[in-house]
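Let's take a walk through this one together. Have the sequence and the model open side by side as you read.

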Amino acid sequence: MNAALLVLVVLAIAVLAAVVVLLVRARRAVGSLEAPPSTIAPSPVAVPPEPTTSVEDSEESAATSLLDVDLDTEPTYRERLGRSRGLFGTLRSLRGRRSLDADALSELEDVLLRSDVGVATTEALMASVRRAAEEGTLDGGDGLLEALRTDLISILTVDPAGIPIDRHLSTSVRDGHVPVWLFVGVNGVGKTTTIGKLAARESAAGRRVLLAAGDTFRAAAADQLAMWAERAGSEIVRGAEGGDPSSVVFDAIAAAGARGADLVLADTAGRLHTKVNLIEELKKIRRVADREPGEVTEVLLVLDATTGQNGISQARQFGEAVDATGVVLTKLDGTARGGVVIAIQRELGLPVKLVGLGEQADDLVIFDPVSFVDALLEA
Ligand SMILES: Nc1nc2c(ncn2[C@@H]2O[C@H](COP(=O)(O)OP(=O)(O)O)[C@@H](O)[C@H]2O)c(=O)[nH]1
Ligand SMILES: [Mg+2]
């Protein structure tokens, strides 16, 4: 009896040992397949501890942490889109009107152009409304606003090929890697502020965020980011003023890997000290950020909504060069003319993922097309 028990125990230990050996081998094989050649072989100590949740889980928590905000403090589009709502006021006054004349349609065209929707997009919207008017399917002022609402929401939710627009911010990476979000855009658009707001939000949601002060143009840029980091309780890696931005980003990612951070938010400059082309520098930062253990999951083009159509031409240059995954549209509060959201989506084909509705930490929200359009068109 005792002997049988002993045999069983020995067998169990042998099986366990075999399983452990197989697991270790499998992990090594995956590592060598996935790891691109790198000058820094990640030491076993530098590899972050096995996450307690799976990649899918952590992605879920990322989405929740961005969406799951305190509704008491999150600003509403209605209260922040002051100027834009003002521009659409004449359209809202068409509500309740029984019949529509040519004046009403030209009023619509005028409002769209003045609100920065852009010529091409305005023409497309007008063609759609005129068609409905000719077919007799527009029922007075309410019908016109309903048709416009449908068209605007459609532009913002489905691309021209009929594919739903993906606004999701990705943190999904291979095992043992750190997701990196890169923020690019010209000076003063709100890159640093956006990173600060995100850090505050993600930290509050219990995620470990590390900030990379990749804007080395002025020391003040890193100081500004450090202030946000302190407020958010997140870590920051910064370099010397005038230093190589790629090195700062590289060091930040290495630190994030070693410390097991959940996400790296990398700031960049909108201009440079040297004659190096800014676009070339950004491409280099992107390449470096994709090295072990980093994995770039978002390249967010930050645009200032108050620059209207100018912002669109900036976006073309930047967006193509760095292969942007989406837009953060800042300063949609204040003097912005909200139509620019529609122009960006339709003319650039880049999804607006986040919008800034003010300067405080709570004032960054996931872009919500329905709330946005309703804030413009509803009384
Ligand atoms: N009203 C408003 N101001 C903003 C918003 N985002 C950024 N700002 C302000 O824009 C200015 C420039 O921002 P900054 O982050 O330094 O721009 P950067 O040069 O791209 O890093 C700062 O004064 C910010 O407070 C926003 O959503 N709304
Ligand atoms: Mg900055």
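Helix α13 covers residues 308–322, which makes 15 residues. From its first C-alpha to its last it reaches 21 Å, close to the 21 Å you'd expect at 1.5 Å a residue. Keep in mind that you're looking at a predicted model. Follow α13 along and you'll come to a kink of about 30°, centred on A315.

Now, which residues of α13 are buried? A315, where the kink is centred, is one of them, along with G311, F318, G319 and V322. The cover over these buried residues includes the helices α12 (278–289) and α14 (340–348), and it also includes the strands β1 (178–184), β5 (294–304) and β6 (326–330). Just after α13 ends, D323 takes a positive phi of about 60°.

Let's step over to the core. In soluble globular proteins, nonpolar side chains tend to be buried together. Here the largest nonpolar core has 90 residues, and those with the most contacts inside it are L182, L211, V264 and A266. Take L182 as your way in: leaving aside residues up to four places away in sequence, it touches A266, T268, I285, R286, A289, V296, V299 and L300.

Last stop, the ligand. How many residues surround ligand 1? There are 19, and the closest are G190, K191, T192, T193 and G356. Helix α9 (residues 191–204) supplies the largest share of that shell, three residues.

Conventions: Residues are numbered from 1 along each chain as its sequence is written. Chains are lettered from A and ligands numbered from 1 in the order in which they are written. This is a predicted model: local features need pLDDT of at least 70, side-chain atom pairs count only at pLDDT 80 or more; totals for chains, interfaces and linings use all residues. A residue is near a molecule or strand if its C-beta atom, placed from the backbone, lies within 6 Å of it. Helices (H or I, at least four residues) and strands (E, at least two) are DSSP runs, numbered from the N terminus. A nonpolar core is a set of buried Ala, Val, Leu, Ile, Met, Phe, Trp, Tyr and Cys residues joined through C-beta atoms within 7 Å. A residue is buried if 20 or more other C-beta atoms lie within 10 Å of its own, exposed if 12 or fewer, and partly exposed in between; C-beta atoms are placed from the backbone. Two residues are in contact if their C-beta atoms, placed from the backbone, lie within 7 Å. The expected span of a helix is 1.5 Å times one less than its number of residues. The bend at a residue is the angle between axes fitted to the seven residues ending there and the seven starting there.
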